[in-house]
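Work through the exercises below with the sequence and the model in view. Each task is followed by a solution in steps.

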Amino acid sequence: MATSHPYDVVIVGAGPAGMCAALYTGRSMLRTAVLERGIPGGELLNTEKLDDWIGEKSILGWELAKKFEEHSREFGAEYVTATVERITKLRDGTFETVTDSGDRYVSPAVIVTAGGTPVKLGIPGEIEFAGKGVSYCAICDGAFFKQQTIAVVGGGDAAVEEAEFLTRYADKVYVVHRRDSFRASRILQERLFANPKIEVIWNAVAEEVTGDERGLMTGLRIRDRVSDEVRSLDASGCFVFIGFHPNTGVIDGHFDHDEMGYVRTDTTMQTSIPGLFAAGDLRSQLTRQVTTAVGDATTAAIAVEKYLKTRDEGSHEIVAQGSGGYTA
Ligand code: NAP
């Protein structure tokens, strides 16, 4: 039976941002619920290895996720496996966060850290062969392609990094990119160019994923944007890394966002809806890293504490400047 649960703060999503926010709100003695549809970890679970988490020269994505989760639980945050369908601000100023089972979480503040969803190519065969060759997660599916030939589509950090990772399994990895240069960071590009198993196909767009009568992918049809020549790559896998869409669909009502749909916040991570905070990959900002996600989350959690205090005192304004400080 659907029930109603009162909390001081509800955190939607348990990626790095959600888990870090939970650590800080728990540490502030706020009754905290973290609602996550899958295993806590978010994009860390789609990342093989990190070499840019300060303090660790190299750490596996799942390992860091586990550490985040264990640490955030230390301060009392309650993790609930649930898919959030809607976050609505009620007339009394509190939020109602409703899950797919109909459970209602009621809280005066919410931190949305729901991240993003991979962008699809939108070409014939992509959906048909999803899970039968087409993938959006190298760490999840890479091992299925041992000694095979696969294609990666995209030219950002994700495509370049994951193409390199996939050479652990595949004998040959084509990287199909629509322009003649990558936007990925230089260090990732250098690793990719040095890898003999990788062949970059510049100025090419993927047009169709093809397969056999058993329903398995066998090829990727690509078109050269300069010559217009069409050819088919013999590939049993196609990993698509062409960006993310912010998961903002759960927010009921209008909120300020940028032209790409990412949520705009003020410097305290508060959205245009008072009491609703955003942190991590769905927030409008220059870059989306684990370090920036946890930075956002720290600010959001501390701002929530101040928001609840000022709310109780009858004012909704959070004063950011000079109100923070280092605490150990
Ligand atoms: P991204 O940086 O936005 O790159 C998307 C890539 O896909 C671009 O090369 C883009 O081409 C291409 N693309 C977009 N739409 C396409 C389409 N319809 N068909 C073919 N190609 C298409 O996205 P991302 O690589 O997923 O990274 C997202 C964020 O996470 C970034 O801020 C990134 O820095 C971060 N990230 C960091 C790391 C790391 O530091 N280790 C790893 C993963 C992700 P154009 O270049 O032509 O636009």
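**Exercise 1. Domains**

Task: State which residues belong to domain 1 and which to domain 2.

Solution: The model is a predicted one. Its domain assignment gives domain 1 as 4-117 + 244-312. Domain 2 is 134-240. Next, take the C-alpha centres of domain 1 and domain 2: they lie 32 Å apart. Then look for contacts, meaning heavy atoms within 4.5 Å. Six residues of domain 1 touch eight residues of domain 2 in this sense.

**Exercise 2. Overall dimensions**

Task: Explain why the radius of gyration of the protein agrees with that of a compact globule.

Solution: Start from the chain length, which is 328 residues. For that number, a compact globule would have a radius of gyration near 20 Å. The protein has 22 Å, which agrees. As a further description, the C-alpha atoms fill a box of roughly 65 × 45 × 35 Å along the principal axes.

**Exercise 3. Secondary structure and contacts**

Task: Find how many helices and strands the protein has, and what share of its contacts with a separation of 6 or more comes from residues 24 or more positions apart.

Solution: Count the elements: six helices and 21 strands. Then take the contacts with a separation of 6 or more; residues 24 or more positions apart account for 59% of them.

**Exercise 4. Burial and surface**

Task: Determine what percentage of the residues is buried and how much accessible surface the protein has.

Solution: A residue is buried if its relative accessible area is under 20%. By this cut-off, 47% of the 328 residues are buried. The accessible surface comes to about 16,300 Å². Carbon and sulfur atoms hold 50% of that surface.

Conventions
Residues are numbered from 1 along each chain as its sequence is written. This is a predicted model: local features need pLDDT of at least 70, side-chain atom pairs count only at pLDDT 80 or more; totals for chains, interfaces and linings use all residues. Side-chain values use heavy atoms; hydrogens and water are left out. Helices (H or I, at least four residues) and strands (E, at least two) are DSSP runs, numbered from the N terminus. The radius of gyration is taken over C-alpha atoms; the globule rule is 2.2 Å times the number of residues to the power 0.38. Buried means under 20% relative accessible area, exposed over 50%, partly exposed in between (1.4 Å probe, protein chains only). Accessible areas come from the Shrake-Rupley method with a 1.4 Å probe; for residues, only the protein chains shown count as cover. Domain bounds come from an automatic or database domain assignment.
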